[in-house]
Amino acid sequence: MTDPLEDARSPRDRAARQRFVLDDTGFDEVPKKYRRFYRKWGGVNDALARNEVLCPVCKVVIRSTRELRPGDRVYCMPCMSRLVVSVGEGGRLEALVAY
């Protein structure tokens, strides 16, 4: 039996997501176990990778081991916000607070 949601997904959604190796960035606002999943935002000169999204509440970069896509849910541990990834201006990924 096939998954009914499988037919609704676009071919891009069915494609394998790119994986990333995360290094510890020294972010000390969360327990040591989770430090590799966060980093400080560098300001205007900072660029986000395909596995990163900026928290709109506390301006911390949330990192994932897999490529982020619109509709993905992420959690910001420093400000305890639940976020949903969406497409912003210029096709850039951004996070919105989930209700």
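Guide: Happy to. The chain exposes about 7000 Å², and carbon and sulfur atoms supply 51% of that; accessible areas come from the Shrake-Rupley method with a 1.4 Å probe, and for residues only the protein chains shown count as cover. Before we go on, this is a predicted model, where local features need pLDDT of at least 70, side-chain atom pairs count only at pLDDT 80 or more, and totals for chains, interfaces and linings use all residues. Residues are numbered from 1 along each chain as its sequence is written, and side-chain values use heavy atoms, with hydrogens and water left out.

Visitor: Thanks. What share of the residues is buried?
Guide: Of the 99 residues, 29% count as buried. Buried means under 20% relative accessible area, exposed means over 50%, and partly exposed is in between (1.4 Å probe, protein chains only).

Visitor: And what is the secondary structure?
Guide: The chain has two helices and six strands, in the sequence pattern α-α-β-β-β-β-β-β. Helices (H or I, at least four residues) and strands (E, at least two) are DSSP runs, numbered from the N terminus.

Visitor: Which order do the strands of the open sheet take?
Guide: The order is β1-β3-β2 in an open sheet of three strands, with antiparallel pairing. The edge strands are β1 (38-40) and β2 (52-54), each pairing on one side only. From one strand to the next, the twist averages 30°; the axes are lines fitted to C-alpha atoms, for helices over the stretch in contact, and angles run from 0 to 180 degrees between N-to-C directions.

Visitor: How many bridges join β1 to β3?
Guide: Three bridges join β1 to β3 (residues 60-63), and β2 and β3 also pair over three bridges. Two strands pair if DSSP finds at least two bridges between them. In β3, Ile62 stands opposite Tyr38 and also opposite Val53, while Val60 faces Lys40.

Visitor: Are the faces of β3 covered or open?
Guide: Both faces are covered: Val60 and Ile62 on one side, and Val61 and Arg63 on the other, are all buried.

Visitor: What about the hairpin of β2 and β3?
Guide: Five residues lie between its strands, and Lys59 takes a positive phi near 60°.

Visitor: New topic. How many disulfides are there?
Guide: The count comes to zero disulfides, a disulfide being a pair of cysteine sulfur atoms within 2.5 Å.

Visitor: Last one: what does Glu52 touch?
Guide: Glu52 lies in strand β2 and is buried, with a relative accessible area of 7%. Not counting residues up to four places away in sequence, Glu52 touches Arg39, Ala47, Val61, Ile62, Arg63 and Leu68, where contact means heavy atoms within 4.5 Å. The side chain of Glu52 makes polar contacts with the side chains of Arg39 at 2.9 Å and Arg63 at 3.4 Å. A polar contact is a pair of N or O atoms within 3.5 Å; within protein, one must be able to donate a hydrogen and the other to accept it, and residues adjacent in sequence count only if both atoms are side-chain atoms.
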